[in-house]
Amino acid sequence: MNTVTLDSAASATARNLLRYCEAEREWVLETTMALARLESPTSDKTAVDRCGEELARRLRAIGGAVTRLRQSDVGDQLRAEFGSGTSQVLLIGHFDTVWPMGQIDRMPLEIRDGCLFGPGVLDMKGGIALGMLAACALTEVVQPADRLVMLWTTDEERGSGTSRALIEEEARRSRAVFVLEPALVGGGVKTRRKGCGEFHLRVRGVAAHAGVDPDKGASAVHELAAQIVDLQRVRDMAPGVSLNIGLISGGTRPNVVAEEAHATIDVRVTTSEEATRVAAAVRERAPTIPGTRIEVTGGFERPPLERTDAVARLYGRARAIAARLGHDLQEGGTGGGSDGNFTAALGIPTLDGLGAEGAGPHALHEHIEVDRLPWRAALLAGLIAETMAGD
Ligand SMILES: [Zn+2]
């Protein structure tokens, strides 16, 4: 086939995918609402499992072979496999949310001005529903040659401690990973995410009576204050570095020279090279007050998602498919991390922010744009199909 024929074949596939997804608009909306109605705060295993059971039932109903991966502390994770083949493409997302049980009474599910409002609809039950619609479209329209695997996890909002190994293991088997986290405002995908670290700085001093023996003490609080000022230098190490000391504590009484003080530091970086330098700078603490000692623990929990050539290639592919669907797909970055940070750091081509469009994740006005769900599903289905067929 010459290029023109290939182009028109690709355009016809895109149109067919879109037509299929548009016809299922009510289905994807209903699926999102059903999942959102089953509230699933990360810390409530019973509630998360209830949501997981419904999700598993719906995944089976659309032809998925579902495995429930049992967990003791958090909700069970779900793996669903569609089709067969020697290689696979992976979709990842999470069905835990940041919202406590009962939040749905304060934020009832409602459709206003073409948007569905409610806890967890954007982050990220809408993304899960559109991932499921993409799987249906793929099977119906393209008949893919390879396996599509979905991994829906339950502890992303708490750092993915129990699912990280699972995500990495599945990613290593995959040609590419698509992350169904929300799109950027305006619909763009995420080709960069900062890496996130949390450090704990503990200062030990010497307690003394602040009035009688001030010279015999060494104040942990005063030393911590000096360290906080000094840590601002870390932020200046590179333009993409952010550092926030969000929590401090220390001391016992006004008239006691403080024996202990503590700070928790949130640090974000854009490259793994920055992560190494920043971690070293945070850890290398020399006390300024004689008699005090400093101990630093913690580190980077999520490596940065960097815009590597592989990430850029996937974005280019997505942009071309979006164009065939009549959309100009933008790209951008964010300071927040996702499970895509893990898969990208392994060198597996990863594209993030392919989920629903909307606004207000973790906020009271959280919502998705209902009419944008079908085209996002068609985009994802096209992207999966081309990745399976491509190099
Ligand atoms: Zn999320």
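Buried residues make up 46% of the 391 residues in this protein, where buried means that 20 or more other C-beta atoms, placed from the backbone, lie within 10 Å of a residue's own, exposed means 12 or fewer, and partly exposed is in between. Welcome to a predicted model, in which local features need pLDDT of at least 70, side-chain atom pairs count only at pLDDT 80 or more, and totals for chains, interfaces and linings use all residues. Residues are numbered from 1 along each chain as its sequence is written.

**Overall layout**

- The protein has 11 helices and 18 strands; these are DSSP runs numbered from the N terminus, with helices (H or I) of at least four residues and strands (E) of at least two.
- Along the principal axes, the C-alpha atoms fill a box of roughly 85 × 50 × 40 Å.
- Of the contacts between residues at least 6 apart in sequence, 79% join residues at least 24 apart; a contact means that two C-beta atoms, placed from the backbone, lie within 7 Å.

**Helix H5 against helix H11**

- H5 (residues 121-142) and H11 (residues 373-389) pack at an angle of about 55°, with their axes 8 Å apart.
- Here the axes are lines fitted to C-alpha atoms over the stretch in contact, and angles run from 0 to 180 degrees between N-to-C directions.
- The two helices are therefore oblique to each other, given that angles under 35 degrees count as roughly parallel, over 145 as roughly antiparallel, 65 to 115 as roughly perpendicular and the rest as oblique.
- Their crossing is right-handed, the term for a near helix turned clockwise from the far one by less than a right angle, while anticlockwise is left-handed.
- On the H5 side, the meeting residues include Leu 130, Ala 134 and Leu 138, and on the H11 side they include Ala 377, Ala 381 and Ile 384.
- The residues of this contact divide into 13 nonpolar, 2 polar and 1 charged; Ala, Val, Leu, Ile, Met, Phe, Trp, Tyr, Cys and Pro count as nonpolar, Asp, Glu, Lys and Arg as charged, and the others, Gly among them, as polar.

**Helix H9 against helix H11**

- H11 also packs with H9 (residues 309-324): their axes come within 9 Å and cross at roughly 130°.
- That angle makes H9 oblique to H11, and the crossing is right-handed.
- Arg 317, Ala 318, Ile 321 and Ala 322 in H9 meet Leu 379, Gly 382, Leu 383 and Glu 386 in H11.
- By class, this contact has 5 nonpolar, 1 polar and 2 charged residues.

**Helix H7 and its cover**

- H7 (residues 220-235) has 16 residues and reaches 23 Å from its first C-alpha to its last, close to the 22 Å expected at 1.5 Å a residue (1.5 Å times one less than the number of residues).
- Its buried residues are Ala 220, His 222, Glu 223, Leu 224 and Gln 227.
- What covers them includes strands E9 (195-204), E11 (242-250), E13 (260-269) and E14 (293-302).

**Backbone details to look for**

- Most residues other than glycine have a negative phi, and most peptide bonds are trans.
- A cis peptide bond joins Asp 123 and Met 124, with omega about -5°; Met 124 lies in H5.
- Gln 143 has a positive phi, near 50°, and lies in the loop between H5 and strand E6 (147-153).
- Gln 143 is exposed, with 9 other C-beta atoms within 10 Å.
- His 362 also has a positive phi, near 65°, and lies in the loop between strands E17 (358-359) and E18 (367-369).
- With 14 other C-beta atoms within 10 Å, His 362 is partly exposed.
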